[in-house]
Structures are given as C-alpha cells and as structure tokens.
Amino acid sequence: MATKPLNICLVSSEFASLAKTGGLGDVSSALSSYLHSAGHDVRVLIPRYSRIDALGLEIDPVPALADMSVRLGNREVHFSIDRLTLESGLPVYLVRCPEFYGRDAIYTNDDDEHLRFALLSRAALEMCQRFGFAPDIMSCHDWQTSLIPLYLKSIYSWDELFSNTKSVLTIHNIGYQGQFGSWIMDHLSLNGAEHHLHQDDFKSGVINFLKTGVMYADLVTTVSPTYAREILGEDYGMGLNDLLWQRVDSVVGILNGVDYGEWDPATDPLIPANYSPKDMSGKRVCKERLMQEMGLEIVPERPLLGIVTRLAGQKGIELVDQVIPRILDCRDCAIVVLGSGEERYEHFFEWLSQRFPGRAAFYRGYNNDLAHWIEAGSDVFLMPSLYEPSGLNQMYSMKYGTVPVVRETGGLADSVDQIDPATGDGTGVVFRHYDAPGFEWAVSTALNYYANKDLWQKVIANGMAKDFSWDEQGSRYVELFDELRGAA
Ligand code: ADP
Ligand code: GLC
C-alpha cells in the first residue's frame, strides 16, 4: 500500500467506452479507475477524437485550460482541454484540437501522425503546469505517449514542478513503435535536445517514439511477466531487445486485470441472459441467441468456437486459416468470428462463412455488444497468437465459462492453465509451437474434452472461479509507483 496518495497523470491514446481499438483502451480505463478508487489523485488525458463527440456525453470546457498552444516545428498548434467526469468521479481530460483529432479513425496513416501524438504528450505536461499539478508519476502508454519521458528530461526540465516526477512507460505491444523518418525532427521542438534521440537510428534516417520512451522512462513496465522476459530476446523484442537488456532491472511485467464491472456474465447488461456458476442456464440462452443472430444453424449441443480480435498478424490468423477449414470438414462444430483489420484475413473469414454456411459466421467490423455476446455464447474461445503481450479475451472467456484455446506466449501463458483430463484441473488448452499441427491438436483436444460433459463442467467452473481483478494487479502498479516516489 502507498503510504500517502500519489499524484498520477495517465496519458493514453485510448480509453474504453470513449475511444478504443483494442485492449489498450480497456487497460487505461480500468487501471486509472482502480487508482482513483484506491484514493490517488489521477488525471487522465486522451485526445478528443470526433467519435467521442458522437457519444453525446456531457463534456465541459475547463476555463484554466482554454486557449493553449505549443510550438511544434515552425507551427503554433492551438488547443484546449475539456473535462468529462465519469460516474466514479474520475476526471478524464480531453485535448480538443479538431485539426488533429477531428478524423474518423483513432489512428491514421496521415503525414502528421507524429504531430498528433507529440501534441498529446506536450499537452499532458502543459496541463500539469496550468493546474500547478506536480505528478509523482507520468504514466505513459505505448508509442503514442513515449516522448513524455524525454520531454521531461529536456525541454521541461527547467520547471521545478516536475523535479520529483518519474515517468513510467507501459508497453502494451512492442509491435507498434511509432517509427518516422528523421525529417520530423524539427517538428518535435526538442530545442537543442535533439542529441538525446537514438543517434544510430537518427543517422540511418529514423526516429522511433517507443525506443525513445524505453531510453528515457524511469521505469518500463509491460503487461505480463512472460512478455517482459520475451521482449528481452530477439524473437519478440522487435529490435528493442538490446536496449531493454541494458536496463533489465527497470523492466517489469504485470499481467493486465479485468474490469468485472464490464465483463461479468452475472451482471452484464449487454448479453441476452445472465448466468453464474450457481445457475448456468442463461449460457445456453446466450448460445442459442448468438447462433440465431449470426445466421448459424441453431443446434445447441454443437460446440461453438468463438473469435473476437483485431485481424492483425500478431493474432495467429494464418493458423486459423490452415486449421479451421479442416476441423469444420471433419468435426461437427461451428465458429463465429468478430473482427476487422488486414484485408487478407477479412477475405479468408468471408470465404469461410460461404464455404460452411450455417456453421461459420463472420461479422466484419467493431461491435462491443457482439464481443460480449460471443464471450457468453461460445463454448471455446480461440487465441492462437504469434505473440500476445497480455490478452484480455482469454480472461473474459474464463469468466464467461468459455474455455480458451491459446498459444503458450505472453499473458496467455500467464493466465491459462493446461487442462489435465485425469484430474479435471486447468482452465484451457495450451499449445506451444506456433504451427498448424500444434493448433490443430489444441482445437481437436478442446472438442474432445467438450464431449466429456463432467470434465467440461469442471473446467468451466475452474475458469469462472479465477480472479483477474484489478484489485490484485493494480496494487502492483501502486507499489512500483510508490517505490519510484521514494527514490525521487
Ligand atoms: P489487443 O489489445 O491486442 O487487441 P486484447 O485481448 O488485449 O488484444 O484486447 C482486445 C479488446 O478489444 C477486447 O476488449 C476485445 O473484446 C476488443 N475487441 C477486439 N476486436 C473487437 C471487435 N472487432 N469488436 C469489438 N471489440 C473488439
Ligand atoms: C495490446 C496487446 C494485448 C494487451 C493489450 C492491453 O495491444 O496486444 O495483448 O492485452 O495491449 O495491454
């Protein structure tokens, strides 16, 4: 426990219920809510994307944070910061700069992408200054906020407000580094501190935001202990492994938690029927409704496989491509998939649903309600990820009595225990090697176990009894933050 409340400024490009493309949104929202409920003074800052306006929420301008500006290269960028107060009382501040954030997508390939997130990072520090808020911790998430540690140690180092501020960079996914051509250098307004950028990169014409964060953050955390070890090696480190090794004592893995306020089948308002370990009848209702809604044949006894994911290389969709058509050919099962992303994967799932009408269904897009329906209505949840820093869906699945099939990597390895059919222990089927035979074994094994009703019920009960709540994981962040404050 922290001895006295911490001042924390948490800066992120996503925040669930307001702007989310994946787990980063869930985590920045749940972590900041945990920290707030634990009594710390938490100020969250995110961009005011146009999709947030479409939600029709009560967002108020903050007079002290109106008409602000920063220089980014040769331009003066004007912005204001608005405030939204969540039911819990947690303040979420939003950078209003329509020029940068008034676009359909959260992330873009536009020429000024680096400016959009350099602004977010600068705005966070400017907000603290205007408030006279001295953060003990600047909590930064992924490449979009990775310039904050360098800004603190360079162009804001004159300000005593920050003299005890420590920066913590949480890496949610090392596969996205925010790498730009070195021509953007002037835009970052480092005012003489350019030599702090990675010089070899710079000479080869590159500026890498995440790498800069790894170099200057006082502490680097990532979202599971196994991933913290994996990224120290070449296979998973994506070019940052050597740098991470150099500061291995400052790299810590904390598994993500689950916001059970949002993800609990006993209370989830989004699913067709609620259920709990004591009375599982609602799960059958959820399965039938899901089959119906997705145009699958309604065969309640038929095992239903579910997938909810960004359709990116990381997620192991090539294994799904190699294995699932064969499984559907020779086993009596069905599959429902929700996702969007790379076209080749979208095309594959479209093909799959045409090839197996009534037994394979695909919804292309982002749909939070359907994500909940699939967690509740499926029997087995597939996550054959090539890498998975933490993963949340496998933890949601366990809570929803849906047995995960996962590859032994990152947070999947840290959260799913191999089923032992002899004892009935375990929560899912885990395969080691990233290849089609491994995944095929795992799916077939899950289907075999499904046919053994006693075993299946036991495994479901094991999963539903697991507790991945933020009370546990969040307190680890507090301990680390408190240690850093002590060191200040
Ligand atoms: P990642 O952050 O790599 O995408 P996670 O498992 O940590 O993976 O988190 C994914 C989150 O995004 C989950 O809350 C999941 O339900 C949600 N999600 C992913 N794809 C979709 C989609 N197409 N529609 C709705 N929710 C989605
Ligand atoms: C990422 C990772 C995922 C993790 C999420 C939240 O995008 O891919 O594994 O759960 O961030 O930390």
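Biologist: What volume of space lies in the second largest pocket, and what is meant by a pocket?

Modeller: The second largest pocket holds about 720 Å³ of space. On a 1 Å grid over the protein atoms alone, a pocket is an open set of points with protein on both sides within 12 Å along at least five of seven lines, whereas a cavity is a set of points where a 1.4 Å probe fits but cannot get out, and lining residues have an atom within 4 Å of a point. Grid points are joined across faces, edges and corners, and a volume is the space filled by probe spheres set on the points. Please keep in mind that this is a predicted model, in which local features need pLDDT of at least 70 and side-chain atom pairs count only at pLDDT 80 or more, while totals for chains, interfaces and linings use all residues. Residues are numbered from 1 along each chain as its sequence is written, chains are lettered from A and ligands numbered from 1 in the order in which they are written, and side-chain values use heavy atoms, with hydrogens and water left out.

Biologist: How many residues surround ligand 1, and which are closest?

Modeller: A residue is near a molecule if one of its heavy atoms lies within 4 Å of it, and 22 residues surround ligand 1, with K20, G23, R310, K315 and G365 the closest. The shell draws at least three residues from each of domain 1 and domain 2, and β13 (304–311) is the element that gives the most to it, with three residues. If Ala, Val, Leu, Ile, Met, Phe, Trp, Tyr, Cys and Pro count as nonpolar, Asp, Glu, Lys and Arg as charged, and the others, Gly among them, as polar, the shell has seven nonpolar, ten polar and five charged residues.

Biologist: What polar atoms lie beside the ligand, and what part of its area does the protein bury?

Modeller: A polar contact is a pair of N or O atoms within 3.5 Å. A polar side-chain atom of K315 lies 2.7 Å from an oxygen atom of ligand 1, a backbone N or O atom of G365 lies 2.8 Å from a nitrogen atom of the ligand, and a polar backbone atom of L392 is 2.9 Å from an oxygen atom of the ligand. Taken alone, ligand 1 exposes 560 Å², of which the protein buries 94%, the accessible areas coming from the Shrake-Rupley method with a 1.4 Å probe.

Biologist: How many cavities of 30 Å³ or more does the structure hold, and which residues line them?

Modeller: The structure holds two such cavities. The largest has a volume of about 40 Å³ and is lined by L197, H198, D201, V206, I207, N208, K211 and T212; β10 (206–208) and α7 (209–216) are the elements that give two or more residues to this lining. The second largest cavity holds about 30 Å³ of space, and its lining includes S397, T427 and V459. The largest share of that lining, four residues, comes from α18 (453–465), and by class the lining divides into six nonpolar, five polar and no charged residues.

Notes: Polar contact = N/O pair within 3.5 Å; in protein donor to acceptor, adjacent residues only side chain to side chain. Domains from an automatic or database assignment.
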